[in-house]
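Dear colleague,

Please find the structure below, together with a summary of what was found in it.

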Amino acid sequence: MTLRKPDTTIVVLLLLAIGASIGAWWIPGWIRFISQMAISAALASLGAMVLLRAGLLSFGQGLFYFAGAYTAALSYKYLGLNEAVLLILFSIAISGGVAAAIGFFISNYRGIFFAMLTLAISMLVYGIAVKVSLFGGSDGLNIGLISILGFRYRGPDLQLAMFLICIWTAGLMAMVAHLFLRSRLGKVIEAIEDNEVRLEYLGTSVRSSIHAAYVLAGALGGAGGVLAALSARHVDPGFAYWTTAGDFVFIVILSGQASVLSPFFGAFALEVLRTFAAANFPDAWQMVLGTIMLLIVLFVPKGLGHIFIALGARWKARGRTVVPAAMNEETARP
Amino acid sequence: MTPVLECVDIKKSFGGVLATQGIDLSISEREIVGIIGANGAGKTTLLNIVSGYLTPSAGRVLFRGADITGTPPRVLAKRGIARSFQIPQLFVRSTARENMMLALALLCEPRSALLRPFGDRDLEARADIVLKSYGLTGHADSVVGNLPQGVRKLLDIAMATCAEPKLLLLDEPTSGVSSEEKHDLMKGLAKRFAADAMTVLFIEHDMEIVREYASRVIALYDGRVIADGMANAVFADPEVKRLILGTRDGSAGHA
């Protein structure tokens, strides 16, 4: 028996989570908070990335971000649920459930229709949330004191504990997404963009496969939403607004879709970019973001994450001589 | 013995156009049937109906005695009806090996295996065996989008046959393949059909290929069967000569 080679992505995720957990004590509070918001956005973006693998552009990840956040806030307010871990699990389950229900309908659509419908459903929910007093209207809802694994932390301890919860929830969700994407079903998802007809002739239901990916995207969006809600202790209807979903799409374009690590990189890059742009060009920071988006689409269309892939390939190829390639060129000449 | 495939009075209309107007045919086990006919005769429509891609407007399709009219391709694929395409239907961003791996994983394994890792050594090895048997080993690592048409065609057929189907439908297997490679391709396929006891229905425009490899020929014209039998008998049929063979060498005018 040979030992199976450990999966690189899982190892990197574990190392990142362990590193962040140990480093947490030395990281200043405001950076931890920004990280938590970036991680939350990254999870929702990861959902968008899963769908983009099937060639489906979702402008509706905000809906699940909203569903996750509001499940937590409403459960806290009306059910008296105040245990963070339970709130997280519950929110992910509800968001996944919402996605499962919408999936029956949305899995029939492709391309622009899919993008517009996800956007429309999300905006519909936004419209309702703004008006309904149960949801706190346009002010949203606050989340008061919560316990973490039964412990009622206060002040800095609570912030630290919350940071750790965020890191590990995100790490676990990313691993689930990774296992999905590298599975045969994950390959089917990729193949959908190439050829649906062949998939059907191979005995696979394209619709069910999209449905499965959509549920995963919903659960990831919900996980992002609940982490954002518990970090900021406040939710508002803006979670379902289309610019929120637009951010998630921006993150995926920024980072590319090479790996489940990409959106995390993209979300942090966006956060840094935004901070930098807002500090240096207070009146024109959106223009800076727009310009960078344009440059990426023009020059690194596969996303910044692709730079790591290229570096990795070069690292693997180190030591090998360049001669064979040159020879190939020679022999290929007519 | 129950025929492998039976079509009873199949009709299909697209809008006001009748693509097939009452096709009856019955195919027994291990027959290699060639379908000939001019463009628009309803050949591909027939294949689409048999494989479940289209539901006929009227009539029934029976597969080994069971009514499969309107059953979708994904169900029929698992029951043993496979199909190749006139224009290869492949996953162009993946390599040839990955295409074959996906075909094997989806056709030969239960749904519960879907969550197992795709990059599986065993699956890879099985894909390589199939690719080798079709002489595609040299292309295994190439991205399909970069492969020449003839190779894609072969891969398309290989993916259809990899799970040893009971009934194989081939839509113009030799189109897009160079004339010197056509016979090698068909020879290889014929050997495989015999070895795996497959029943085959293939559409073909090259009459030489039909004559050589079909154990039986069905001629379609205007959505109807106009001749059905041994190759020599069908090619000798005056109606076939006039309507199908004639138009091919350009001696007859257009209808």
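E172(B) is buried in this predicted model, since 21 other C-beta atoms lie within 10 Å, and a count of 20 or more is required for that label. The residue is found in the loop between β7 (167-171) and α6 (179-195) of chain B. Although E172(B) is not a glycine, its phi is positive, at about 50 degrees. Most residues other than glycine have a negative phi.

A197(B) likewise is not a glycine and has a positive phi, of about 55 degrees. Its position is the loop between α6 and β8 (199-203) of chain B. A197(B) counts as exposed, because it has 10 C-beta neighbours inside 10 Å.

Turning to chain B as a whole, nine helices and 10 strands are present. Of its 255 residues, 45% count as buried. The C-alpha trace spans about 55 × 40 × 35 Å along its principal axes. Among contacts in chain B between residues at least 6 apart in sequence, 67% join residues at least 24 apart.

In chain A, helix α6 (residues 155-182) packs against helix α9 (residues 206-232) at an angle of about 175 degrees, and their axes are 11 Å apart. The two helices are therefore roughly antiparallel to each other. Residues making this contact include M162(A), M173(A) and F180(A) of α6(A) and L216(A), L220(A) and L227(A) of α9(A). The contact residues divide into 11 nonpolar, two polar and no charged.

Yours sincerely

Conventions: Residues numbered from 1 in each chain as written. Chains lettered and ligands numbered in written order. Predicted model: local features only at pLDDT ≥ 70, side-chain atom pairs only at ≥ 80, totals over all residues. Axes fitted to C-alpha atoms, helices over the stretch in contact; angles between N-to-C directions. Helix = DSSP H or I, 4+ residues; strand = E, 2+ residues; numbered from the N terminus. Parallel < 35°, antiparallel > 145°, perpendicular 65-115°, else oblique. Contact = placed C-beta atoms within 7 Å. Nonpolar A, V, L, I, M, F, W, Y, C, P; charged D, E, K, R; others polar. Buried ≥ 20, exposed ≤ 12 C-beta atoms within 10 Å, placed from the backbone.
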